[in-house]
Amino acid sequence: TSGETRLWSQDNFGEDLLLNVRDDNVYYWDATLGLANRATALSTQSGASDAPTTARQVLVSDTDRHVICLGANTLGTTAQDLLLVRWSDQENSIDWTPRVTNTAGDQKLSSGSEIITGIETRQQILIWTDSSLYSMRFVGPPFTFSFNLLANNVSVISPNAVTAIGDRVFWMDTENFFMFAGQIQ
């Protein structure tokens with residue numbers, strides 16, 4: 001809608017940069033090409049396989065180096081699923097096709113109607129929907145990530161109303177301020 005602020009998310013993949021306009025395309029900027037070159041759509045990178053063309057937010061899991069898109073388009077379509085979490089193959093930002101030989105995959109969250117935001121902590125990635133809080137943890141093959149519902153009836157007021165400091169995460173919803181350090185307070 002015309003009254004919404006254009007929000008960007010970005011994260012480093014090594015020396016390169018992944019960028020995403022909320023509910024739009026994911027872009028890749030290659031540092032080896034220099035500052036004069038622009039970021040281009042991740043899906044148009046040479047060798048790209050089923051890379052998302054729409055996402056709500058992009059981030060990189062630092063411990064295992066998967067690129068993660070929250071609220072991404074469903075594999076093989078351009079239709080955005082606001083509860084779908086997709087991730088690339090480990091150490092490979094352009095391979096998003098799930099195979100027996102890689103760790104790419106996806107998971108649809110079961111609670112809520114849309115993902116609002118996500119943030120990486122030292123132990124996990126926390127994902128807020130409009131009604132729940134999830135934990136996403138790297139567990140390795142064959143499942144790659146585990147998803148746990150941490151709480152219902154909790155959300156976040158906006159994509160930018162959350163911050164992580166060490167192992168603590170602070171956020172604001174429509175009525176209260178919260179902290180997560182293993183449990184919600």
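**Burial, size and strands**

Reply: Of the 185 residues in the protein, 48% are buried (under 20% relative accessible area with a 1.4 Å probe, protein chains only; exposed is over 50%, partly exposed in between). This is a predicted model, where local features need pLDDT of at least 70, side-chain atom pairs count only at pLDDT 80 or more, and totals for chains, interfaces and linings use all residues. Residues are numbered from 1 along each chain as its sequence is written, and side-chain values use heavy atoms, with hydrogens and water left out.

Me: How does the radius of gyration sit against a compact globule?

Reply: The protein has 16 Å, which agrees with the value near 16 Å for a compact globule of 185 residues. That radius is taken over C-alpha atoms, and the globule rule is 2.2 Å times the number of residues to the power 0.38.

Me: And what does the C-alpha trace span?

Reply: About 45 × 40 × 30 Å along the principal axes.

Me: Switching topic: how many helices and strands?

Reply: Zero helices and 15 strands, taken as DSSP runs numbered from the N terminus (helices H or I, at least four residues; strands E, at least two).

Me: What's the order in the open sheet of four strands?

Reply: It goes 5-6-7-8, with antiparallel pairing; two strands pair if DSSP finds at least two bridges between them. Strand 5 (57-61) and strand 8 (105-108) are the edges, each pairing on one side only.

Me: How many bridges join strand 5 to strand 6?

Reply: Five, with strand 6 covering residues 66-70 and the two running antiparallel. Val58 stands opposite Cys69 in strand 6.
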